[in-house]
Amino acid sequence: MVRKGLIYLTTTLMILLLVSLAMAIVPPPSANQNLGLYDTVFTGFTTEECKNIECHGDENLPNRHHFLITKEGYNCLDCHALTNGAFEAFRNCSDCHSISPHHLTDDAQNFNCSECHGSFVDDYNDGHVIPTYAKTIITPDSSYKYIDDSGVKIGGCEACHEPDSTVDPQIGSNSNTHHNLSGFTAYNCNLCHSADSASGTPGEGGAVLDIRYCERCHGIKSLHSIQYENDNISGELGYGHIGNSWDCWGCHGFQESSALSSLDSLQKLDSSLKCRPTAPEVDKVIPNEITAGQDTVITIYGTSFINECNGTIYTSNVTLDNGTVTIEREPDSITSTVIEVTIPGTLVPDVYDLRVVKDGDMRSNKVPLTVIPDVQIEMVTIPG
């Protein structure tokens with residue numbers, strides 16, 4: 001009897017210790033900015049900001065615009081001023097893009113967010129699973145559930161995505177980042193807000209943020225596929241949603257230490273979610289401009305190109321699409337952060353959307369690859 005009592009007491013103390021550690025562990029810094037979606041406000045940008053090397057500072061930017069000549073009927077003087085017989089440098093981006101174009105495309109206006117952002121988000125109308133059962137103690141809150149003794153928000157998005165003006169790019173508030181989508185959410189309050197969070201009944205301009213409404217674009221599958229797969233940051237906090245126990249606790253945490261069954265459910269959920277293909281993310285492609293008619297090896301840098309779980313290795317291929325032709329290529333070599341792949345010389349000159357696709361389902365954000373014609377200058381005439 002005494003032995004059984006000691007075993008029971010020891011087990012109880014261990015469980016309570018786990019809860020205490022989960023609630024006391026030092027949290028990560030602000031959300032990592034290297035994965036797919038910047039927590040920033042996409043409003044007006046200066047030309048210098050547009051041409052930031054992380055955005056549109058690519059060497060293929062001029063020729064991407066030169067394809068407007070054949071595709072849209074532009075001519076040289078539509079974009080370049082002629083001074084003393086010489087073309088001036090390209091105009092300011094804002095001369096044509098008077099407002100941020102990021103969410104004014106047909107895909108964005110039709111809520112096809114994954115077209116650009118890949119599997120980091122869900123499409124609003126794609127029929128993905130949104131729970132209809134009652135929320136439990138481990139259901140994340142759209143902001144947070146409580147603030148612990150060290151001032152850290154626990155149990156919702158703001159555990160990691162709290163506004164932070166000290167990082168670059170800045171992390172905006174939920175309100176700023178979602179209300180400034182260049183017309184995407186203008187006058188569509190019901191996309192995100194409900195008048196009554198208990199009933200889930202939408203209301204015009206309602207201020208209530210219900211997690212079930214958030215899941216219309218940030219569903220269970222997409223959220224639990226975001227993880228920075230890199231041995232260099234293994235075990236660090238705040239680099240995804242499934243890579244560390246704190247990352248789970250940040251979203252699903254709860255204050256009541258007596259809810260041991262919920263803790264057990266959370267631990268089982270954590271284990272099952274880690275065993276799946278994670279969404280790959282592309283940082284840059286070198287070179288991102290190649291010449292038609294010759295095979296070219298390009299190098300793709302990013303993260304989560306490979307991930308392993310219980311002996312199963314999930315790997316990726318590379319797809320190219322120009323709206324007419326889609327090809328898929330197996331990498332010549334691949335690691336979790338680098339892919340080398342041969343692009344065939346048979347591609348016609350055009351701008352192609354390049355994606356890394358893992359396990360046939362998980363798609364990266366898209367980046368442009370420009371294929372230019374092999375131009376040979378045979379003669380030059382200089383008047384006068």
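In strand β9, T303 is the bridge partner of E281. This bridge belongs to the antiparallel pairing of β7 and β9, which covers 5 bridges; two strands count as paired if DSSP finds at least two bridges between them. Strands (E, at least two residues) and helices (H or I, at least four residues) are DSSP runs, numbered from the N terminus. The model is predicted, and local features need a pLDDT of at least 70, side-chain atom pairs count only at pLDDT 80 or more, and totals for chains, interfaces and linings use all residues. Residues are numbered from 1 along each chain as its sequence is written, and side-chain values use heavy atoms, with hydrogens and water left out.

**Overall content and confidence**

- The chain contains 11 helices and 18 strands.
- Of its 384 residues, 38% count as buried, where buried means under 20% relative accessible area, exposed over 50% and partly exposed in between (1.4 Å probe, protein chains only).
- Contacts are heavy atoms within 4.5 Å; among those between residues at least 6 apart in sequence, 62% join residues at least 24 apart.
- The average pLDDT (the predictor's confidence in each residue, from 0 to 100) is 78 for the chain, and 74% of the residues score at least 70.
- The pLDDT is below 50 over residues 2-26, a stretch with 16 contacts in the model beyond near neighbours in sequence.
- Residues 197-206 also stay under 50 in pLDDT, and the model has 24 contacts for them beyond four places in sequence.
- Where pLDDT is low, the predicted coordinates should not be read in detail.

**The four-stranded sheet**

- The strand order in this open sheet of 4 strands is β7-β9-β15-β14, and the pairing is antiparallel.
- Its edge strands, each pairing on one side only, are β7 (281-286) and β14 (333-334).
- β9 and β15 run antiparallel and are joined by 6 bridges; here Y301 has V338 in β15 as its bridge partner.
- β14 and β15 also run antiparallel, joined by 2 bridges, and S333 stands opposite E340 in β15.
- β9 is mostly covered, with 6 of its 8 residues buried.

**Nonpolar cores**

- A nonpolar core is a set of buried Ala, Val, Leu, Ile, Met, Phe, Trp, Tyr and Cys residues joined through side-chain atoms within 4.5 Å.
- The largest core has 20 residues, of which V285, I298, I300, L320, I343 and L354 touch the most other members.
- Two or more residues of this core come from each of β7, β9 (296-303), β12 (316-321), β15, β16 (350-358) and β18 (367-372).
- Leaving aside residues up to four places away in sequence, I343 touches I290, Q294, D295, T296, I298, L320 and L369.
- Another core, of 10 residues, lies apart from the largest one and has Y146, V152, C160 and W249 among its members.
- In soluble globular proteins, nonpolar side chains tend to be buried together.

- V152 is placed in the loop between β3 and β4 (153-154), and its relative accessibility of 14% makes it buried.
- The C-alpha atoms of V152 and G250 are separated by 9.3 Å, although the two residues are 98 apart along the chain.
- Helix α10 (residues 245-252) is mostly covered, with 6 of its 8 residues buried.
- The buried residues of α10 are W246, D247, C248, W249, G250 and H252.

**Aromatic rings and charges**

- F111 and Y124 form a tilted pair, 5.2 Å centre to centre with 50° between the planes.
- F111 is in the loop between α5 (106-109) and α6 (114-117), while Y124, 13 residues apart from it, is in the loop between α6 and β3 (146-147).
- F111 is buried, at a relative accessible area of 17%, whereas Y124 is partly exposed, at 22%.
- A charge sits over a ring if NZ of Lys or CZ of Arg is within 6 Å of the ring centre and within 35 degrees of the ring normal.
- R212 lies over the face of Y133, at 5.4 Å from the ring centre, and R216 lies over that of Y213, at 4.0 Å from the ring centre.

Technical notes
Rings of Phe, Tyr and Trp (its six-membered ring) pair if their centres lie within 6.5 Å; planes under 30 degrees apart count as stacked, over 60 as edge-to-face and the rest as tilted.
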